[in-house]
Amino acid sequence: MNGAVWSVMGRAFRRAAPPLAWYYAITLVLPVAHGAAQAGALFAEHALVVLVLPPALIVFACASREGVRMLATRARACWRRPPRHALS
Amino acid sequence: MKTRLSVLTVVILAVWGMKRYYADAGGDDLWWILKPTARLAGVMTGTAFAAAPGEGYFSRERLFLIEKSCAGINFMIAAFGMLAFALVHRAASVVSGARLLAVSVLASYVAAVLVNAVRIAIAIWLAAHPVALSTFTRAGVHRLEGIAVYFGGLMLLYELAQRFDRRAAPARSGR
């Protein structure tokens, strides 16, 4: 992965930090504080999904957005390029 | 600074209190959020949800129950905390602090009903089209969908709040 992609990802995660933090606080931190971890493997499995899915969604949204932007840039470049017979 | 700290303290206490209330509440106690959610989900899906005392709202046609754990209270609590923290810099006086808290409660309630109704509509659609996602169990799909919709809803709400905040800032400074 090049630097530009990392920079886009970093920006996306910084932007998503408050919703992500509140989501984790309500779905993981408070239940753990109330003793949900005593449920053992059941809670651990749920917690793993809750922990992994939101960042995965951010990465997916970022990749999709960048992909669409790249395609749009290429399409625009093709559109602007004059046809060969026009150059001769 | 003092006002902002007071507002943040109230927010943290309210979050804790709402979480406690949710833990102890029964299905009937949550009518204030279950009823509008069931009505909106019913409009979205063309399904009638009827009150099931002690349980929530049930659709006989789709065999779908909107119960306590589907009420969207966790989303509402997260949205309330997130909005209040994101906009706390607007609390310059006791009045503006109180207004910020009221707006955060109202916005988080409306967002919770909307996002939860969308989540239920998608869940009903997914239940009717299980073939495409046959690698997951039904409960697994329901869980993944819930996380994706709730987190997406929080992201959207945060973006809207930021946009509103940016738009309102020049108007305030230009006064």
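**Figure 1. Helices α1 and α3 of chain A in a predicted model.** Among the elements of chain A, helix α3 (residues 84-87) has the lowest mean pLDDT, 62, while helix α1 (residues 3-33) has the highest, 90. The structure shown here is a predicted model. Over chain A as a whole the mean pLDDT is 86, and 90% of the residues of chain A reach 70 or more. Where pLDDT is low, the predicted coordinates should not be read in detail.

**Figure 2. Helix α2 of chain A.** Helix α2 of chain A covers residues 41-80, which makes 40 residues. At 1.5 Å a residue, these should span 58 Å. Is α2(A) largely in the open or largely buried? Of its 40 residues, two are buried, so α2(A) lies largely in the open.

**Figure 3. Chain B from end to end.** Chain B contains five helices and three strands. Read from the N terminus, the order of its elements is α-α-β-β-β-α-α-α. Its C-alpha trace spans about 55 × 35 × 25 Å along the principal axes. Chain B has 175 residues, of which 34% count as buried. Of the contacts in chain B with a separation of 6 or more, 69% are between residues 24 or more positions apart.

**Figure 4. The surroundings of B:G27.** B:G27 sits in the loop between α1 (2-24) and α2 (31-45) of chain B. Why does B:G27 count as buried? A residue is buried if 20 or more other C-beta atoms lie within 10 Å of its own, and B:G27 counts as buried because it has 21 C-beta neighbours inside 10 Å. Leaving aside neighbours within four places in sequence, the contacts of B:G27 are B:G54, B:E55, B:G56, B:E67 and B:K68. B:P53 is 26 residues away from B:G27 along the chain, and the C-alpha atoms of the two are separated by 7.7 Å.

**Figure 5. The largest nonpolar core.** This core has 48 residues. The residues with the most contacts inside the core are B:I66, B:A78, B:A79, B:L83, B:A84 and B:L154. At least two core residues each come from α1 of chain A and from α1, α2, α3 (73-86), α4 (94-128) and α5 (138-173) of chain B. Helix α4(B) gives the most, with eleven residues. In soluble globular proteins, nonpolar side chains tend to be buried together.

Figure 6. B:L83 is one of the core residues with the most contacts inside the core. Apart from neighbours within four places in sequence, B:L83 is in contact with B:S104, B:A107, B:S108 and B:A161.

Terms used
Residues are numbered from 1 along each chain as its sequence is written. Chains are lettered from A and ligands numbered from 1 in the order in which they are written. This is a predicted model: local features need pLDDT of at least 70, side-chain atom pairs count only at pLDDT 80 or more; totals for chains, interfaces and linings use all residues. pLDDT is the predictor's confidence in each residue, from 0 to 100. Helices (H or I, at least four residues) and strands (E, at least two) are DSSP runs, numbered from the N terminus. A residue is buried if 20 or more other C-beta atoms lie within 10 Å of its own, exposed if 12 or fewer, and partly exposed in between; C-beta atoms are placed from the backbone. Two residues are in contact if their C-beta atoms, placed from the backbone, lie within 7 Å. The expected span of a helix is 1.5 Å times one less than its number of residues. A nonpolar core is a set of buried Ala, Val, Leu, Ile, Met, Phe, Trp, Tyr and Cys residues joined through C-beta atoms within 7 Å.
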